[in-house]
Amino acid sequence: MDATGTLIYNQMKLGKMTISFFEQLISAPQPPLTANITPLYTRTISASSTTAMLLPISSAEIKTTLFSIPDNKDPGPDGYNAFFFKKCWSIIRDDFIAATKYFFTHNSLPRCVNATRVALMPKVANPDSMNDFRLISCCNVLYKCISKIIVSRLKYALDEVIGPSQFAFLPGRNISDAIMLTQELIHNNHLSTGPAKYATKIDLRKAFDTMRWEFILAELKAIAIPQCMIDWIQLCISTTHYIVIINGELHGFFNSSRGIRQDDPLSPYLFVLAMEGLSGLLQYATQNPSFKYHWHCKPNSITHLCFANDLMLFCNVDPDSIGILKACLDKFSQLSGLTINHSKSSLYLSSVIEELQSNIQQLLGFQQGCLLVKYLGVPLISTRLTHVDCPEFNYGHRPP
């Protein structure tokens with residue numbers, strides 16, 4: 001359906017509607033970033049990491065990077081996947097190495113190299129509008145090799161500046177840690193007695209597609225990434241052109257003014273660094289005397305847990321503390337372009353009187369959720385799990 005609810009059957013009209021939707025999503029005009037975000041990042045990368053980033057790109061590094069790309073990844077617009085380049089390496093080796101090195105020595109990325117074929121992946125069982133699809137970017141292998149080389153030099157440096165509240169993509173950090181810690185913090189949330197408890201599960205609307213480029217470049221400068229690396233990243237994210245595939249046909253060829261691509265090797269690390277800006281806002285906000293921690297979080301000063309764009313917030317159950325967290329989220333949205341999807345965000349309250357519950361809901365604009373809910377693909381419940389809570393694993397209890 002289009003924005004008015006009218007069903008579209010014609011392939012040509014469907015293509016035009018899709019292109020219009022995504023052009024508005026990723027090509028929306030962006031106001032200039034006037035705020036100084038450097039204070040949000042309290043740590044910078046080490047001198048050894050800076051040195052490692054500035055090492056020359058070797059032919060061996062290029063080959064190793066190419067051969068690390070899985071054979072069966074969908075090809076970009078040029079139609080060639082990594083399997084082709086590996087099988088033909090003895091023939092195309094010199095040209096491939098020269099093309100890759102050209103990017104790093106001349107700061108140039110031709111449009112044909114950074115063109116992207118976009119596949120629409122449904123987020124629900126029966127999608128009926130463009131909002132029900134996720135954009136998966138199929139990049140050319142040459143671009144992926146360039147991007148992965150940048151990532152190999154960036155990810156270990158990021159581990160030096162990303163705080164303990166984030167668990168995604170960085171070496172030594174695991175999704176299981178985020179799940180277990182969240183499970184511990186909502187333990188006994190089903191009880192109507194005991195200390196009052198508050199948690200919020202935040203959904204960011206089209207997170208990768210709406211991030212501001214200015215914010216990305218500013219955060220890289222804030223942690224002291226070398227300027228040449230920043231220039232490379234800027235080229236990677238700002239020279240992209242998109243072609244959308246719908247029912248096997250290609251539509252459009254348009255550029256963007258914001259956002260990073262899903263399935264681009266570089267994107268997860270840029271997103272993690274952006275979320276560290278939120279951590280900086282929250283860290284500063286907790287110095288406000290009016291802010292009080294969640295009763296179980298105070299010993300470790302925990303305000304939030306984050307795995308990519310899955311975000312949980314915790315604080316004491318009082319309007320001042322909750323209002324401070326909301327102000328941080330609003331400020332972060334203004335800086336980064338990442339906005340809250342209120343219809344998919346939920347708050348979880350326990351041992352809270354109805355009047356205060358109503359006030360909190362009105363303050364946040366979120367629906368009040370109830371456990372059981374899934375977090376990072378795992379049932380999140382405050383009591384002991386039973387077979388009823390995990391139907392996908394109940395091989396012995398499935399209906400006929």
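**A loop and its salt bridges**

A: Start with aspartate 159, which counts as partly exposed at 32% relative accessibility. Partly exposed lies between buried, under 20% relative accessible area, and exposed, over 50% (1.4 Å probe, protein chains only). This is a predicted model, where local features need pLDDT of at least 70 and side-chain atom pairs count only at pLDDT 80 or more, while totals for chains, interfaces and linings use all residues. Residues are numbered from 1 along each chain as its sequence is written, and side-chain values use heavy atoms, with hydrogens and water left out.

Aspartate 159 has a partner. It forms a salt bridge with arginine 173, with 3.1 Å between the closest N and O atoms. Both residues lie in the loop between H6 and H7, so the pair ties together parts that are 14 residues apart in sequence. Helices (H or I, at least four residues) and strands (E, at least two) are DSSP runs, numbered from the N terminus. A salt bridge puts a side-chain nitrogen of Lys or Arg within 4 Å of a carboxyl oxygen of Asp or Glu. Arginine 173 is buried, at 18% relative accessibility.

Serine 165 sits in the loop between helix H6 (141-158) and helix H7 (175-185). Serine 165 is buried, with a relative accessible area of 18%. A polar atom of its side chain lies 3.3 Å from the backbone oxygen of histidine 304. Leaving aside residues up to four places away in sequence, serine 165 touches His304, Leu305 and Cys306. Contact here means heavy atoms within 4.5 Å.

Next comes H7. Its Ala178, Ile179, Thr182 and Leu185 are buried. Seen down the axis of H7, the buried residues fall within an arc of 130°, so they line one face of the helix. That arc is taken from the directions from the helix axis to the C-beta atoms.

Now turn to H6. A salt bridge joins the side chains of arginine 153 and glutamate 61 (2.8 Å, N to O). Arginine 153 lies in helix H6 and glutamate 61 in helix H3 (residues 59-67), so the pair ties together parts that are 92 residues apart in sequence. Both arginine 153 and glutamate 61 are buried.

How many salt bridges does a search of the whole structure find? It finds nine.

Terms used: A polar contact is a pair of N or O atoms within 3.5 Å; within protein, one must be able to donate a hydrogen and the other to accept it, and residues adjacent in sequence count only if both atoms are side-chain atoms.
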